[in-house]
Amino acid sequence: DLVDVVPCFRREGGGYLIPEGSNAYHWLATNPPFHTSLMARSDATRANRLKPLVRLMKQWNFVNGHHLTSFHVELMVEAMWRNVSIGLYSAALASTLKVMPSWLNSSFDDPWPEGGKTVDAYLSYAERQTAIRLLKEDAQNSELAESYREDGRVEHAFERWGVVFRDSFPVYG
């Protein structure tokens, strides 16, 4: 796993302040222990199936041009699957790809109440539209892959997942 190292200062009221990135004079409030705990609790209540699904979506994001931050992907997937059981990964991944475009149509607030920021403020309109288009295309491909899997046509399912993951998905056999 890759780790970002950034300067930070303890924030009055909890969390930390980190540089915003594009503006050297603007600082963002963040709380990694809160988010780590949120993901651990959410993963535990889903039989430890949330984090692998998040990793699959982060891989999808990476091979599709990394239009979304990993943090944004992680929090969206957690919110989508909150209070929902995660069954077969291929079906959960197909569902996530299908639903995520609607989550990108509006701003996404940080679940840390004291953060007071939207997680997706970094996205320009064009970047948002590109991510939505890619998600919709791959939702169709993943739906076809699931259809092939359900029909016992596993080799064809692998081919479709190869399209979704831009050939970073293993070939069948």
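This is a predicted model: local features need pLDDT of at least 70, side-chain atom pairs count only at pLDDT 80 or more; totals for chains, interfaces and linings use all residues.
Local features need pLDDT of at least 70, side-chain atom pairs count only at pLDDT 80 or more, and totals for chains, interfaces and linings use all residues. Residues are numbered from 1 along each chain as its sequence is written, and side-chain values use heavy atoms, without hydrogens and water.

An open sheet holds 3 strands in the order 1-2-3, with antiparallel pairing. Strand 1 (9-10) and strand 3 (27-30) form the edges; each has a single partner strand, so one side of each lacks a neighbour in the sheet. Strand 2 (residues 16-19) pairs with strand 3 over 4 bridges in the antiparallel sense. Ile 18 lies opposite Leu 28 of strand 3. Strands (E, at least two residues) and helices (H or I, at least four) are DSSP runs, numbered from the N terminus; pairing requires at least two DSSP bridges.

The largest nonpolar core contains 34 residues. Such a core joins buried Ala, Val, Leu, Ile, Met, Phe, Trp, Tyr and Cys residues through side-chain atoms within 4.5 Å, where buried means under 20% relative accessible area (1.4 Å probe, protein chains only). Met 57, Val 77 and Leu 97 have the most contacts inside the core. Beyond four places in sequence, Met 57 is in contact (heavy atoms within 4.5 Å) with residues including Val 73, Val 77, Leu 97 and Leu 135.

The axes of helix 3 and helix 4, lines fitted to C-alpha atoms over the stretch in contact, come within 11 Å and cross at roughly 110 degrees. The two helices are therefore roughly perpendicular (65 to 115 degrees). Among the contact residues are Met 76 and Val 77 of helix 3 and Met 100 and Trp 103 of helix 4.

Methods. Buried means under 20% relative accessible area, exposed over 50%, partly exposed in between (1.4 Å probe, protein chains only). Axes are lines fitted to C-alpha atoms, for helices over the stretch in contact, and angles run from 0 to 180 degrees between N-to-C directions. Angles under 35 degrees count as roughly parallel, over 145 as roughly antiparallel, 65 to 115 as roughly perpendicular and the rest as oblique.
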